[in-house]
Every structure is written in structure tokens, then in C-alpha cells.
Amino acid sequence: MDVVFVIDSSGSIGEENFEKVKEVIRKLIKHFSVSASNARIGIVQYATSARVVFTLRRSQKSGFYTLEKRVKNLFYTRGATKTGKGLELAYRMLRRSKRWLDGRMLKHEQVTFIYGCFARQPCCIAETMKMFVIRPFFQ
């Protein structure tokens, strides 16, 4: 399973809520077995622009503790709320992802997209999940 967390660090979310989102993500990732043969987790952070914090492939190679440390060390950026940029980057990450194990490409069991937001867009989570959750597909 591939999971990408898209984290809002814009001015509208506020630093306190940003810290809450980081804590929720740290708690959630503890429930995944992060490895080449199990879950891979990616992280995208956005505000005025979007950036990849952790790639799916890197989580496959680095494992849980490196991922957890990276989430813990995320910083609040402020800026405009350009949700579309974060979603687009995450979508591209998921579409381009390939799973490799022992030198061979594996089929995706499932690719899942998770979006966390607070602030002024209370219905954005449901709308985004409808648009961007990618059901099982095979390459």
C-alpha cells in the first residue's frame, strides 16, 4: 500500500494546528509496516508552493524511524493556501510510483491518498478524498 500525506503549512492553518497535524501523522504511520514489501509512505507539504518531503521510494529504503524523524522536524512555513499545488504533486508522486522488491517490479495492491486540513475549508477533506483516492490499479 502506498500512502501520501499532503500537509497544509499555510498561514490559514496556524502553527498550533500544523503541530497537531504532524502529531496525527506520526501516530498514524506507527500503524504501518514501512518496508519494501509492505507500506510505503510519502509526504508533501504545501503553502504558497509545494514540495516533496519524503518520497515513497525513500520510505521503502529508509524505514519508519527516518520517516518519523522527518515528520517531527517539519517546519511551519506560513504563506498562501495553494492546496491544488500540494494535491497535484502528491497525485504525480502516486501515478509515477513503482514498487520494486528483489529487482522486480511488483503490482500495486492499493494506492491511497490522504489529505489533512483544518481551518477555513471544512468540507475539503471529503471532496478531496472523492477526487483523489486511487483505487487498486496495476501497471
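**Entry 1: strand β2**

I looked up β2 and found 7 of its 7 residues buried, so the strand is largely enclosed by the rest of the structure. I take buried as under 20% relative accessible area, exposed as over 50% and partly exposed as in between, with a 1.4 Å probe and protein chains only. The model is predicted: local features need pLDDT of at least 70, side-chain atom pairs count only at pLDDT 80 or more, and totals for chains, interfaces and linings use all residues. Residues are numbered from 1 along each chain as its sequence is written, and side-chain values use heavy atoms, with hydrogens and water left out.

Helices (H or I, at least four residues) and strands (E, at least two) are DSSP runs, numbered from the N terminus.

**Entry 2: partners of β2**

I count two strands as paired if DSSP finds at least two bridges between them. β1 and β2 pair in the parallel sense over 7 bridges, and Phe 5 has Ile 43 of β2 as its bridge partner. Strand β2 (residues 40-46) also pairs with β3 (residues 50-54), in the antiparallel sense over 4 bridges. In β3, Val 52 is the bridge partner of Val 44, and Arg 51 is that of Gln 45. A hairpin is formed by β2 and β3, with 3 residues between them.

**Entry 3: Ser 9**

I found Ser 9 in the loop between β1 (2-8) and α1 (15-29). Ser 9 is buried, at a relative accessible area of 0%. Leaving aside neighbours within four places in sequence, its contacts (heavy atoms within 4.5 Å) include Gln 45, Tyr 46 and Thr 77.

**Entry 4: Arg 58**

I placed Arg 58 in helix α2 (residues 56-62). Its relative accessibility is 35%, hence partly exposed. Its C-alpha is separated by 8.5 Å from that of Ile 41, 17 residues apart along the chain. Beyond four places in sequence, Arg 58 is in contact with Gly 63, Thr 66 and Arg 70.

**Entry 5: helix α4**

Which residues of α4 are buried? I list Thr 83, Gly 86, Leu 87, Leu 89, Ala 90, Met 93 and Leu 94. They cover an arc of only 165° around the axis, which puts them on the same side of α4; the arc is that of the directions from the helix axis to the C-beta atoms.
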